[in-house]
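Me: I would like to go through some labels used for this model and see what each rests on. Please set the value against the cut-off each time.

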Amino acid sequence: MKFVLEVLRGVAQVDFMPSALCGLFFVAALFASGWQFGLYGLLGAAVGTATAYLLGIDRKLVAAGLRGFNGCLVATAFAVFLGAGHLSTFLLAVAGSSLVVVVTSAVATFMSSWNLPTFTLPFCLVASVMTVAAPGFANVWHAGQDLAALPEAASGTSSLSWSDIWHGFLANVGQIFFMPQWYVGLLFLAGIFVANRLAGAMACVGSATGLLVSWMLGAPAAGVAQGLMGYNAVLVAMALCGVFVAPSAVSFAYAVAGAGAATALTSAMNSFFGPFGGHTFTWPFVLTSIVFLAAVPAIPRLRRT
């Protein structure tokens, strides 16, 4: 039972929540999107947690889910982008979820010099390498033609309908786990509120900021409605007001600014990874949060938690 709770906390820690109940909501959301994604998410968190125990990593870190969440993301990403129904995807998900624990320890050692958390950087590193390399291996890539493409100018309408707005608001939360369905995002958001009301409120603020900035900059409405422009803003807003920075009026404004920056950076990262056939994942969240959080000690009106 203890291990099950730790696995659920690992799933919840994708959104910074050390709550098994929140993790249960998240697992339900993944299963709502597709039973394969639910199984892969649990598999990744379980393998990551078990690997951490086998390596003798600090039990407090493992018990809090801090060595399971990157594995959850790695396995889910492989299921989404490599195809959940292939044996090769399953084996890579197991290997990747185990490897990312080692990568997490390396990143944690490096980031500790600046008193910064690892965020989802270990996941980004492992998932980016695998998805960029995958088309070069016939036994791994089952999608046919390589997805690499040069960046193109935005096309299609940028005018948001009411349907685009409310779908995008919820999909921004779901896309943290690569899920675009509004009802999946709603379950994720409910789980966050169950664990921490401030975190839930900041997730909403981040999602709204992502929508607003996307619309102001003229992002294509189709991508905005699918949550592809705003999910990094959700994570940044939560991180910078309540999770890693003490909540206040100043940190609220700081979080909104960070969420806006992450939204703009998302487009830049899409253009960067496109020619390699890679994916943006949560790179904008990681890079934005590192910069904004590293600046906190030099800003008297802000305080780390």
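Me: How do you know how many disulfides there are in the whole structure?
Reply: In this predicted model, a search of the whole structure finds zero disulfides. A pair would need its cysteine sulfur atoms within 2.5 Å. For Cys204, the nearest cysteine sulfur is that of Cys241, 13 Å away, so by the 2.5 Å cut-off Cys204 is in no disulfide.

Me: Why is Cys241 called buried?
Reply: Its relative accessibility is 4%. Buried means under 20%, so Cys241 counts as buried.

Me: What makes the pair of Trp166 and Trp182 edge-to-face?
Reply: The ring centres are 5.3 Å apart, and rings pair if their centres lie within 6.5 Å. The planes stand at 70 degrees; over 60 counts as edge-to-face, so the pair gets that name.

Me: Which parts does this pair tie together?
Reply: Trp166 lies in helix H8 (residues 162–174) and Trp182 in helix H9 (residues 182–195), so the pair links parts that are 16 residues apart in sequence.

Me: Why is the pair of Trp182 and Tyr183 called edge-to-face?
Reply: Their ring centres are 5.8 Å apart and their planes are at 85 degrees.

Me: What makes Tyr183 partly exposed?
Reply: Tyr183 has 37% relative accessibility. Buried is under 20% and exposed over 50%, with partly exposed in between, so Tyr183 counts as partly exposed.

Conventions:
Residues are numbered from 1 along each chain as its sequence is written. This is a predicted model: local features need pLDDT of at least 70, side-chain atom pairs count only at pLDDT 80 or more; totals for chains, interfaces and linings use all residues. Side-chain values use heavy atoms; hydrogens and water are left out. Buried means under 20% relative accessible area, exposed over 50%, partly exposed in between (1.4 Å probe, protein chains only). Rings of Phe, Tyr and Trp (its six-membered ring) pair if their centres lie within 6.5 Å; planes under 30 degrees apart count as stacked, over 60 as edge-to-face and the rest as tilted. Helices (H or I, at least four residues) and strands (E, at least two) are DSSP runs, numbered from the N terminus.
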